[in-house]
Amino acid sequence: MGNAFASCMTGKQHRGAALASRSKRMGSARTPRGGAAKLTPAEEEMLHRQALAMAIHQHLDAGGSVSCRIDAGGASMSRRIGPGNTSSRRHGGLPDSVTNAKAVQVVLENLETKKVVLVHGEGFGAWCWYKTISLLEEAGLDPVALDLAGSGIDHTDANSIATLEEYSKPLIDYLSKLPENEKVVLVGHSCGGASVSYALECCPEKISKAVFLTATMVKDSQKPFDVFSEELASADVFLQESQFLLYGNGKDKPPTGLRFDKQQIKGLYFNQSPSKDIALAAVSMRPIPLAPIMEKLALTAEKYGTVRRYFIQTLDDHMLSPDAQEKLVRENPPDGIFKIKGGDHCPFFSKPQSLHKILVEIAQIQAPALLLPGKATSEEVEENADKS
């Protein structure tokens, strides 16, 4: 799970956000009384479709020729641009925050795969990748963003998700249905890192490279929540005292989910993000299933260990602190490390061009003749791409 807890609980990291550094302090925070009534599935789907429309209109208002499609199954999102559109026309349809850097050169014939699968983090959905989808398609790649179970417009009740397997099922189903020799670059944000790790173990033959975007890149026998154990003292204390837990099966049953209020989300996730994207997230984010982040992962060198892994650090992250990110890559070294200076926990909003350049660079990395897993072979700091 992307560090929805560790530095979320560290007061000095989120500069005044309404969370304390320990579970006891979290217990003092109170959820506002009289919360909104629970929406019906139909109302939820309408709300999320409206949120997606909001993102699309950010393109259309700039005069671009962007169109967006949601697959019939409601589980993935991708943009399609007609062949008659020129690069300059498509660029004109993107927000300034996306286009204020030089275009990235891509040598398509040298790529192992053009397909990039984007996996959202906790509470998010396919909708959060709309800028990244635009840019990757602009570069000639083939991005696909998926909704995990209980996320985006997937109708699964988050309170019913009991395992990481259930949570990750849309991703595993997608990978399993790929043609026999087709591979993807798999990108996971925040707690989506757990689903990426699970996919590496389930179907490594379908994954060319795995990218952990300020995500929990855990080791074998480690659960995503372990990343936060030093900050929270123990999972048991958190589960007993946190005021952000949801009890979908009744107060007498174990908690089923987690939800932060809007002000906490803004301070933790979006401290550098544009206001339009914060508004989009405010009406689109859903409760976080709790069980998947409390589950130990079983990862083997024979499967998980055969795929190249890359980690993208964000250096102004209030949710997963830079120190926590450094600890992750130190304890479970990837094959490459990239850093986005000034990026908050959601660089697809705050630093879309910087993120894009790194993803394209990773996509162009060729498979070595002999891969030695567990060694960081490259490190780059991306800082100027998104400056106007």
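This briefing goes through the overall make-up of the protein and then several local regions. The model is predicted. The protein has 388 residues, of which 54% count as buried. Its secondary structure comes to 14 helices and 12 strands.

**Overall make-up**

- The accessible surface of the protein is about 16,300 Å², and carbon and sulfur atoms account for 51% of it.
- Among contacts in the protein with a separation of 6 or more, 78% are between residues 24 or more positions apart.

- Thr113 sits in the loop that runs between helix H4 (96-99) and strand S3 (115-119).
- Its relative accessibility is 9%, so Thr113 counts as buried, the cut-off being under 20%.
- A polar atom of the Thr113 side chain lies 3.1 Å from the backbone nitrogen of Lys115.
- A polar atom of this side chain also lies 2.6 Å from the backbone oxygen of Lys183.
- Leaving out residues up to four places away in sequence, Thr113 touches Lys183, Val184, Val185 and Ser208.

**Tyr174 in helix H6**

- Tyr174 belongs to helix H6, which covers residues 164-176.
- With a relative accessible area of 21%, Tyr174 counts as partly exposed, because buried means under 20% and exposed means over 50%.
- Apart from neighbours within four places in sequence, Tyr174 is in contact with Lys115, Val117, Val144 and Leu146.
- Tyr174 and Val117 are 57 residues apart along the chain, and their C-alpha atoms are separated by 9.5 Å.

- Strands of a sheet pair through backbone hydrogen bonds, either parallel or antiparallel.
- Here three strands form an open sheet in the order S7-S8-S9, with antiparallel pairing.
- Strand S7 (245-246) and strand S9 (288-289) are at the edges and have a single partner strand each, so one side of each lacks a neighbour in the sheet.
- Strand S8 (residues 257-258) is joined to S9 by two bridges, and these strands run antiparallel.
- Within this sheet, Leu258 stands opposite Ile288 in S9.

**Aromatic pairs and a cluster**

- The structure holds 11 aromatic pairs.
- In one of them, the ring centres of Phe124 and Phe270 are 6.1 Å apart and the planes stand at 80 degrees, so the pair is edge-to-face.
- This pair links distant parts of the chain, as Phe124 and Phe270 are 146 residues apart.
- Phe124 is in the loop between S3 and helix H5 (130-138), while Phe270 is in the loop between helix H10 (262-269) and helix H11 (275-282).
- Both Phe124 and Phe270 are buried.
- Phe348 and Phe349 also form an edge-to-face aromatic pair, with 4.9 Å from centre to centre and 80 degrees between the planes.
- Phe348 and Phe349 are both buried.
- These four residues belong to one aromatic cluster, which also includes Trp127, Trp129, Tyr130 and Tyr269.

- Helix H12 (residues 322-331) has the buried residues Ala324, Gln325, Leu328 and Val329.
- Seen down the axis of H12, these buried residues fall within an arc of 135 degrees, so they line one face of the helix.
- The exposed residues Asp323 and Arg330 are on the face of H12 turned away from its buried side.
- The cover over the buried residues of H12 includes strand S10 (308-314) and strand S11 (336-340).
- S10 and S11 pair in the parallel sense, over five bridges.
- Across this pairing, Tyr310 stands opposite Gly336 in S11.
- S11 is mostly covered, with five of its five residues buried.
- In a regular strand the side chains alternate between the two faces of the sheet.
- In S11, Gly336, Phe338 and Ile340 point one way, Ile337 and Lys339 point the other way, and all are buried.

Terms used: Residues are numbered from 1 along each chain as its sequence is written. This is a predicted model: local features need pLDDT of at least 70, side-chain atom pairs count only at pLDDT 80 or more; totals for chains, interfaces and linings use all residues. Side-chain values use heavy atoms; hydrogens and water are left out. Helices (H or I, at least four residues) and strands (E, at least two) are DSSP runs, numbered from the N terminus. Buried means under 20% relative accessible area, exposed over 50%, partly exposed in between (1.4 Å probe, protein chains only). Contact means heavy atoms within 4.5 Å. Accessible areas come from the Shrake-Rupley method with a 1.4 Å probe; for residues, only the protein chains shown count as cover. A polar contact is a pair of N or O atoms within 3.5 Å; within protein, one must be able to donate a hydrogen and the other to accept it, and residues adjacent in sequence count only if both atoms are side-chain atoms. Two strands pair if DSSP finds at least two bridges between them. Rings of Phe, Tyr and Trp (its six-membered ring) pair if their centres lie within 6.5 Å; planes under 30 degrees apart count as stacked, over 60 as edge-to-face and the rest as tilted. The arc is that of the directions from the helix axis to the C-beta atoms.
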